[in-house]
Amino acid sequence: MSNAIYSKMIAEALAAQKADLNVIKAKRGGKFVIADAQPYVDAVNGMQPGEGQSPEVFRLHVDSVNAHYEIFSAITETVSCEDDPFVEHYQTPPILEILYELDPAFREAIEVFIKAIGDNEALIGKESIRRYGGFYGPTAVVDFAFVPGSTSNVVNTILKGLDIDKKYKQAILAAKSWGMNTSYGIGGAFAGAIEAGATPDAAIKEEVKMMQFLYDQPVAAQAQVMADAQHSSFDVKKYMEMYKEKIRPAVVAAKEAGVHYANIVTVPAYCVGDIAHHISQSMFNMTKDDVTFAVMEATTDVMEQTLKAGLDAGYKSVYDVLSVATGSTAAAVAYILEKDGFTAAMVVDLLTKRFTNYVQKYPTRGGAAELHNVDFMDMIWRGAEIIDHAPKGAGGKVKGVKVQLGAIDAHDVIGNPQRYTYPACAITVRFSSLMRLADFPCLLTSEPVTATLMTNIIALDPKTPGAPARVCKNCAATSLIKRCAYCNWNSAV
């Protein structure tokens, strides 16, 4: 792979991340309007396929972001805090329905899968009960990987036994992982029915019906999920109708070019979240606090310096660029945590114990309640391992590239916590901001960077599914809860 591709990938990823941060820095504490996201749209419009990259894959990404922004600009001025987590969930349902129209054989495969959901009532029931009761410990029910308790895990289990084309199996799986086909996670209908007084048998039947609905009528299912969540910021049905028509040409072009359906249903979704979610009222509110914003800013500095150091050292593959980007931020956050005398193990223990009590207190908790706590734990767990495996003072390496942790020490706010609390007792300030970010770590992990890099990676191999990641996540929770036997990443369809 040429160094030009690596340089381009890094430039595009950093442009997306910095567009978000610059807007947040200027607007934090203020009122959010859709137009605030224009700099992110500009950054995305600067993305171009390089040598050997599929223009159709890039079109899916770029057209989706522009469609999302244009629709929002037409139908609403802002999005409420309560509604902003779902803005990435309105893309895959329309795209699935377009593919159903374009490829009757795919729709037939979906029919087989829908029937199989009903045939697997025992599995659906078992997994719903386990999720409801917290059997697997902290888990992300909408995780993009195959972790126990996730929807992807259950979908993969059902698909393995079906006699349908492998490419369709992979598309169905991708659509409910990175593709985020609706905001629904397995177990939601079951929990609601049980708490409303239904028998377990009746509750399981409700769950089966809901899971079938997601694939039979994805757009209608997402509209119902949002109605149940009392969404009010805009007309979600109108959004999806408009989006379906705007994205259709890109979907048709990608299908005709032979892009794998798993990539068609995923690339357009993850990239839109910066508009009204990462750049949003909730983000502006959270980052009013100087230290909380500084954590994101300093972590980005580490990532930028480390990615550029990797260019000098020489990358061996495009996946190494992604690993260095996400590994450097993981190490950076773990390093900040350790500055206040905390370790990753302490936080994993704390949040796992909290999870147990949270299940008791809120049995009907939202399907995604612990989603980002899980992301945060996995991130700091990985970051601590990177740092701990390095010689003392070496800072740790990812794919042979030294993580530039000096950017943390050089940040004026991170280096002076005494300015933001009782000065003589400033020993928990940075930690308190990390706990705020544990609920919203999207620019630490970082989602815009991952989305941009994954589009670049998929564009180099568009006929191979890019999601879900068919690897072991080394989940932080497994340090306390030995649930690995229930994971099925190594038997993915």
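The model is predicted, so local features need pLDDT of at least 70 and side-chain atom pairs count only at pLDDT 80 or more, while totals for chains, interfaces and linings use all residues. Residues are numbered from 1 along each chain as its sequence is written, and side-chain values use heavy atoms, with hydrogens and water left out.

A search of the whole structure finds 21 aromatic pairs, where rings of Phe, Tyr and Trp (its six-membered ring) pair if their centres lie within 6.5 Å, and planes under 30 degrees apart count as stacked, over 60 as edge-to-face and the rest as tilted. One of these joins Phe144 and Tyr270, whose ring centres are 5.3 Å apart with planes at 80°, so this pair is edge-to-face. Because Phe144 lies in the loop between helix H6 (121-133) and helix H7 (151-160) and Tyr270 in helix H14 (residues 267-270), the pair ties together parts 126 residues apart in sequence; helices here are DSSP runs (H or I, at least four residues), numbered from the N terminus. Tyr270 is buried, at 9% relative accessibility, whereas Phe144 is partly exposed at 26% (buried means under 20% relative accessible area, exposed over 50%, partly exposed in between; 1.4 Å probe, protein chains only).

Turning to arginines, Arg107 in helix H5 (residues 104-119) lies over the face of Tyr100, 4.9 Å from the ring centre. The criterion is NZ of Lys or CZ of Arg within 6 Å of the ring centre and within 35 degrees of the ring normal. Likewise, the charged end of Arg130 sits over the ring of Phe135, 4.3 Å from its centre.

Note on methods: Helices (H or I, at least four residues) and strands (E, at least two) are DSSP runs, numbered from the N terminus.
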